[in-house]
Amino acid sequence: MDHRSPRVEVDRGVCIGSGICVGSAPAFFRLDGGRARVRDDAPPDQTVLDVADSCPVEAISVLEP
Ligand code: SF4
(Lines give C-alpha, C1' and ligand atoms only; values in the text may rest on other atoms or scores of the structure.)
Protein backbone atom coordinates (compact mmCIF):
# COMPACT_ATOMS: atom_id res chain seq x y z
CA MET A 1 0.00 0.00 0.00
CA ASP A 2 1.12 3.54 -0.58
CA HIS A 3 1.31 6.62 1.61
CA ARG A 4 -2.48 6.80 1.65
CA SER A 5 -2.77 3.53 3.50
CA PRO A 6 -4.66 3.64 6.78
CA ARG A 7 -2.64 3.88 9.94
CA VAL A 8 -3.15 1.18 12.52
CA GLU A 9 -2.50 1.72 16.20
CA VAL A 10 -2.82 -0.43 19.31
CA ASP A 11 -3.98 1.16 22.53
CA ARG A 12 -1.72 -0.74 24.91
CA GLY A 13 -3.71 0.53 27.86
CA VAL A 14 -6.74 -1.33 26.54
CA CYS A 15 -5.06 -4.44 25.07
CA ILE A 16 -5.43 -7.55 27.25
CA GLY A 17 -2.75 -9.53 25.42
CA SER A 18 -5.08 -12.10 23.90
CA GLY A 19 -2.62 -12.59 21.05
CA ILE A 20 -5.31 -12.80 18.41
CA CYS A 21 -3.80 -10.04 16.31
CA VAL A 22 -0.29 -11.43 16.66
CA GLY A 23 -1.45 -14.91 15.68
CA SER A 24 -3.36 -13.67 12.65
CA ALA A 25 -0.89 -11.07 11.38
CA PRO A 26 2.52 -11.78 12.94
CA ALA A 27 4.31 -9.65 10.36
CA PHE A 28 2.40 -6.64 11.57
CA PHE A 29 1.84 -7.12 15.28
CA ARG A 30 4.08 -8.44 18.01
CA LEU A 31 3.67 -8.96 21.72
CA ASP A 32 5.82 -6.82 23.96
CA GLY A 33 5.46 -7.11 27.69
CA GLY A 34 2.26 -9.09 27.30
CA ARG A 35 0.56 -6.50 25.14
CA ALA A 36 0.41 -6.02 21.40
CA ARG A 37 2.49 -3.49 19.55
CA VAL A 38 2.61 -2.56 15.87
CA ARG A 39 5.92 -3.39 14.26
CA ASP A 40 7.73 -0.35 12.97
CA ASP A 41 7.22 0.62 9.32
CA ALA A 42 4.88 -2.25 8.52
CA PRO A 43 2.21 -1.31 5.97
CA PRO A 44 -1.24 -2.69 6.85
CA ASP A 45 -2.82 -5.17 4.45
CA GLN A 46 -6.40 -6.41 4.33
CA THR A 47 -5.69 -9.12 6.88
CA VAL A 48 -4.50 -6.50 9.33
CA LEU A 49 -7.62 -4.43 8.79
CA ASP A 50 -9.78 -7.51 9.35
CA VAL A 51 -7.87 -8.39 12.51
CA ALA A 52 -8.46 -4.90 13.83
CA ASP A 53 -12.17 -5.70 13.84
CA SER A 54 -11.53 -8.97 15.66
CA CYS A 55 -9.85 -7.54 18.74
CA PRO A 56 -12.06 -8.56 21.69
CA VAL A 57 -11.54 -5.26 23.50
CA GLU A 58 -11.40 -2.99 20.45
CA ALA A 59 -7.87 -1.92 21.23
CA ILE A 60 -6.88 -1.65 17.56
CA SER A 61 -7.71 1.58 15.76
CA VAL A 62 -7.69 2.05 12.00
CA LEU A 63 -7.07 5.69 11.15
CA GLU A 64 -8.06 6.53 7.61
CA PRO A 65 -5.61 8.77 5.73
S1 SF4 B 1 -6.27 -8.76 19.56
FE2 SF4 B 1 -6.54 -6.91 20.84
S3 SF4 B 1 -6.42 -7.63 22.96
FE4 SF4 B 1 -5.58 -9.25 21.66
S5 SF4 B 1 -3.35 -8.86 21.65
FE6 SF4 B 1 -4.23 -7.82 19.85
S7 SF4 B 1 -4.65 -5.71 20.53
FE8 SF4 B 1 -4.37 -6.98 22.37
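Predicted model: local features only at pLDDT ≥ 70, side-chain atom pairs only at ≥ 80, totals over all residues.
Visitor: Which elements make up the protein chain, and in what order do they run?

Guide: The protein chain has two helices and four strands. From the N terminus on, the order is β-α-β-β-α-β.

Visitor: How much of the protein chain is buried?

Guide: Buried residues make up 32% of the 65 residues. The accessible surface comes to about 4200 Å². Carbon and sulfur atoms account for 45% of that surface.

Visitor: Why is V8 called buried?

Guide: Buried means under 20% relative accessible area. V8 has 9%, so V8 is buried. V8 is found in strand β1.

Visitor: Which residues is V8 in contact with, leaving aside its neighbours within four places in sequence?

Guide: Among them are F28, F29, V38, P44 and V48. The list also includes L49, I60, S61 and V62. V8 and R37 are 29 residues apart in sequence and 10 Å apart in space, C-alpha to C-alpha.

Visitor: Where is V38, and what does V38 touch?

Guide: V38 is found in strand β3, residues 35-38. Not counting residues up to four places away in sequence, V38 touches V8, E9, V10, F28 and F29.

Visitor: What does S61 touch, not counting residues up to four places away in sequence?

Guide: S61 touches R7, V8 and E9. S61 and R7 are 54 residues apart along the chain, yet their C-alpha atoms are separated by 8.1 Å.

Visitor: What share of the contacts with a separation of 6 or more comes from residues 24 or more positions apart?

Guide: The share is 53%.

Visitor: Why is D32 called partly exposed?

Guide: The relative accessible area of D32 is 26%. Buried needs under 20%, and exposed needs over 50%. D32 lies in strand β2, residues 29-32.

Visitor: Which residues does D32 touch, not counting those up to four places away in sequence?

Guide: D32 touches R12 and R37. D32 and G17 are 15 residues apart in sequence and 9.1 Å apart in space, C-alpha to C-alpha.

Visitor: How do you know that E58 is exposed?

Guide: The cut-off for exposed is over 50%. E58 has a relative accessible area of 71%, so E58 is exposed. The place of E58 is in the loop between α2 (46-54) and β4 (60-63). Phi of E58 is near 55°, a positive value in a residue other than glycine.

Visitor: S5 lies in the segment before β1. Why does S5 count as buried?

Guide: S5 is at 14% relative accessibility. That is under 20%, so S5 counts as buried. Not counting residues up to four places away in sequence, S5 touches P44 and P65.

Visitor: What about C15 and C21, buried or exposed?

Guide: C15 has 10% relative accessibility, which is under 20%, so C15 counts as buried. C21 also has a relative accessible area of 10%, so C21 is buried.

Visitor: How many disulfides does the structure hold?

Guide: The structure holds zero disulfides. A disulfide is a covalent bond between the sulfur atoms of two cysteines.

Visitor: How many positive and negative side chains does the protein chain have?

Guide: There are 7 positive and 11 negative side chains. The centres of the two sets lie 7 Å apart.

Note on methods: Residues numbered from 1 in each chain as written. Heavy atoms only, no water. Buried < 20%, exposed > 50% of the residue type's maximum accessible area, 1.4 Å probe, protein only. Contact = heavy atoms within 4.5 Å. Areas by Shrake-Rupley, 256 points an atom, 1.4 Å probe, with all protein chains shown as cover. Lys, Arg positive; Asp, Glu negative; His and termini not counted. Charge placed at Lys NZ, Arg CZ, Asp CG, Glu CD. Disulfide = S-S within 2.5 Å.
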